Amino acid sequence: MDKVREKFWEKYHLDQLNEKEWETLCDGCGKCCLIKLQNKGKLYLTNIACVQIDLKNCRCTNYKDRTKLVKDCVKLTQKNLKANLNWLPYTCSYKLLYEKKPLPPWHHLISKDNNTVHQKGFSIQNNCAHQSKIKEKNFDKYIIAEIES
């Protein structure tokens, strides 16, 4: 089993992280689990959270099998990160480190508290609708931004 090295996010490049460090880097905001819509070659972000997410803790209820259960789910990896940067939020830990920026003070690796992301308002907790509550034909009513390519 991989070990998490001390302050790995400051000492190593993303492609040098082991699997446990890569997973630990996630801040748990849930923003990557917001539904994205495509229309006429444009990509739009909604404030609808994936059916698999628990809105109390902003974590996937079926993380291990998420890509099998949700056809559009993207498993972010060192290899596909660059191709997915355009839709990741500016606060995303992977994006920040890719851009050689520091982690924010509310990140659990800095604050030592997994709830800081929610307490400081940087997660989708209390800020979105759950996919199970919205009819697919109404998804376009929940568009909050166009994602620049």
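I count a residue as buried under 20% relative accessible area, exposed over 50%, and partly exposed in between (1.4 Å probe, protein chains only). My model is predicted: local features need pLDDT of at least 70, side-chain atom pairs count only at pLDDT 80 or more, and totals for chains, interfaces and linings use all residues. I number residues from 1 along each chain as its sequence is written, and my side-chain values use heavy atoms, with hydrogens and water left out.

**Entry: salt bridges.** I looked for a side-chain nitrogen of Lys or Arg within 4 Å of a carboxyl oxygen of Asp or Glu, which is what salt bridge means here. I found four salt bridges in the structure.

**Entry: E21 and R5.** I looked up this pair and found a salt bridge, 2.7 Å from N to O. E21 sits in helix α2 (residues 19–25) and R5 in the segment before α1 (8–11), so the bridge ties together parts that are 16 residues apart in sequence. Helices here are DSSP runs (H or I, at least four residues), numbered from the N terminus. Is E21 buried or exposed? E21 is buried, at 0% relative accessibility. R5 is partly exposed, at 28%.

**Entry: E99 and K101.** I noted a salt bridge here too, with the closest N and O atoms 3.3 Å apart. I then checked accessibility. E99 has a relative accessible area of 35%, so I list E99 as partly exposed. K101 is at 43%, so K101 also counts as partly exposed.

**Entry: D72 and K71.** I recorded a salt bridge between D72 and K71, whose closest N and O atoms are 3.9 Å apart. Both residues, D72 and K71, are exposed.

Methods: Helices (H or I, at least four residues) and strands (E, at least two) are DSSP runs, numbered from the N terminus.
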